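Here are a few friendly notes to read with the structure open beside you. Take the points one at a time, and find each residue on screen as you go.

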Amino acid sequence: MHWLAEGFHGDMHYMAAHGLRRARPAELVPGTVSVITARMNYLPRDTPSEWQAVEFDRLNRPGEGIVSLYARGRDYHKVLRNRLQKLAERIAAEVGPFGHRAFTDSAPVLEAELASRSGQGWRGKHTLVLDREAGSMFFLGEIYVDMALPASEPVTPHCGSCSACIDVCPTGAIVAPHRLDARRCISYLTIEHAGPIPLALRPLMGNRIYGCDDCQLICPWNKFAKKTELPDFDAREGLTGATLGALFAWTEDEFLRRTEGSPIRRIGHERWLRNVAVALGNARRVGEGDAAAALATRREDASALVREHVAWALDDAAELPR
Ligand code: SF4
Ligand code: SF4
């Protein structure tokens, strides 16, 4: 409630819309008396052992677009919910029918808090859940059930005096340990936020075009992050190592085709172009040769949002908002 009162949720109005129902499972699904929490690793199967350095290196190639690791494969919502549903069916086969509902990042559920209270890990200073044996590169899911289960215990936090995630955050979004101002977070700005990206934050986004992993990449516990066994999260062609120019050239049809079944699809083509335009502007300012030409192709784009970001990226002062 304090976080909401500060306005840290930005325009994620759904965060505020459900009030305390979010924190009270039985108000969301009447009859709920226990919650089974689960986590599922998502590092792609071919992730190299030095993956954190590999990912940080991408930031040194300003002409390349960076998509957050979790979003390079299939949309996790369906994958995880199907697996939770199967788990519930297997439990029912053992104990008989029971009322249940599975969630993953899809309903007013305080996922990270439920996960940490039930021992899936502790809340890091970046607010994500992390575990000594799995780091933080996993999705969370829950099954609300109408049967009383013995409670599992939380684990002890192990951040100690580390503040690496706070220090590395390019936009200063982690305003204090365990306090995230989503309005400054690149994940929020590139995915959740619909309108223009605040001018002051654009240069800080670098070449991150969908989400941001920096606070997780720097975390020492992610040396222990685990790879998934599922092919679903294998990176799709075109989402790693692609040039910003190539990504900016995607037509709406191409965007829809390439992001079919991917979490990226939900931001739509316009926001995609907005994000890539910002990255191209940042690339142009550090001397990336092809950036200006790519931007010029969309100077007259049908979308006012895209045109404005292109103008910013090209330093076209006359077109900028006042
Ligand atoms: S995701 Fe990126 S911008 Fe957001 S808090 Fe982490 S480091 Fe900062
Ligand atoms: S980087 Fe350090 S402070 Fe941040 S979550 Fe990891 S261990 Fe905790």
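1. D301 sits in the loop that joins α13 (291-296) to α14 (304-313). Keep in mind throughout that this is a predicted model. Is D301 buried or exposed? Its relative accessibility is 13%, and because buried means under 20%, D301 counts as buried. The side chain of D301 makes a polar contact with the side chain of R298, at 3.0 Å. If you set aside the neighbours within four places in sequence, D301 is in contact with L273, V306 and R307.

2. The buried ones are L305, V306, E308, H309, V310, A311, W312 and A313. What covers them? The cover over the buried residues of α14 includes α10 (244-248), α12 (268-285) and α13. While you have the helix on screen, recall a general point: an α-helix has 3.6 residues a turn, so residues three or four places apart point the same way.

3. At its start, a side-chain oxygen of S303 comes within 3.2 Å of the backbone nitrogen of L305. After the helix comes D315, which has a positive phi, near 60°.

4. Next, the sheet. It is an open sheet of 3 strands in the order β1-β6-β3, and the pairing is antiparallel. The edge strands are β1 (34-41) and β3 (100-103), each of which pairs on one side only. From one strand to the next, the twist averages 20°. As background, strands of a sheet pair through backbone hydrogen bonds, either parallel or antiparallel.

5. How many bridges link β1 and β6? These two strands pair in the antiparallel sense over 8 bridges. One pair you can look for is I36, whose bridge partner in β6 is I143.

6. Lying across β1, β3 and β6 is helix α5 (residues 76-95), which runs at about 40° to β6.

7. In general, most residues other than glycine have a negative phi. D105 has a positive phi, near 50°, and is not a glycine. You will find D105 in the loop between β3 and α6 (111-117), where it counts as partly exposed at 41% relative accessibility. T127 also has a positive phi without being a glycine, in this case about 85°. T127 belongs to the loop between β4 (122-123) and β5 (129-130). Is T127 buried or exposed? With 17% relative accessibility, T127 counts as buried.

8. Turn now to ligand 1. Which residues are around it? They are C169, P170, T171, A173, I174, L180, C185, I186, S187, C212, D214 and C215. The elements giving two or more residues to this shell are α8 (186-192) and α9 (214-217). Sorted by class, the shell around ligand 1 has 9 nonpolar, 2 polar and 1 charged residues.

9. Ligand 2 has a shell of its own. The residues around it are G124, K125, H126, C159, C162, A164, C165, C219, P220 and W221. By class, they divide into 7 nonpolar, 2 polar and 1 charged.

10. A last stop is G19, in the loop between α2 (13-17) and α3 (25-28). G19 is partly exposed, with a relative accessible area of 29%. How far apart are G19 and Q120? They are 101 residues apart in sequence and, C-alpha to C-alpha, 25 Å apart in space.

Definitions and conventions: Residues numbered from 1 in each chain as written. Chains lettered and ligands numbered in written order. Predicted model: local features only at pLDDT ≥ 70, side-chain atom pairs only at ≥ 80, totals over all residues. Heavy atoms only, no water. Pairing = 2+ DSSP bridges. Helix = DSSP H or I, 4+ residues; strand = E, 2+ residues; numbered from the N terminus. Axes fitted to C-alpha atoms, helices over the stretch in contact; angles between N-to-C directions. Contact = heavy atoms within 4.5 Å. Near = heavy atom within 4 Å. Nonpolar A, V, L, I, M, F, W, Y, C, P; charged D, E, K, R; others polar. Buried < 20%, exposed > 50% of the residue type's maximum accessible area, 1.4 Å probe, protein only. Polar contact = N/O pair within 3.5 Å; in protein donor to acceptor, adjacent residues only side chain to side chain.
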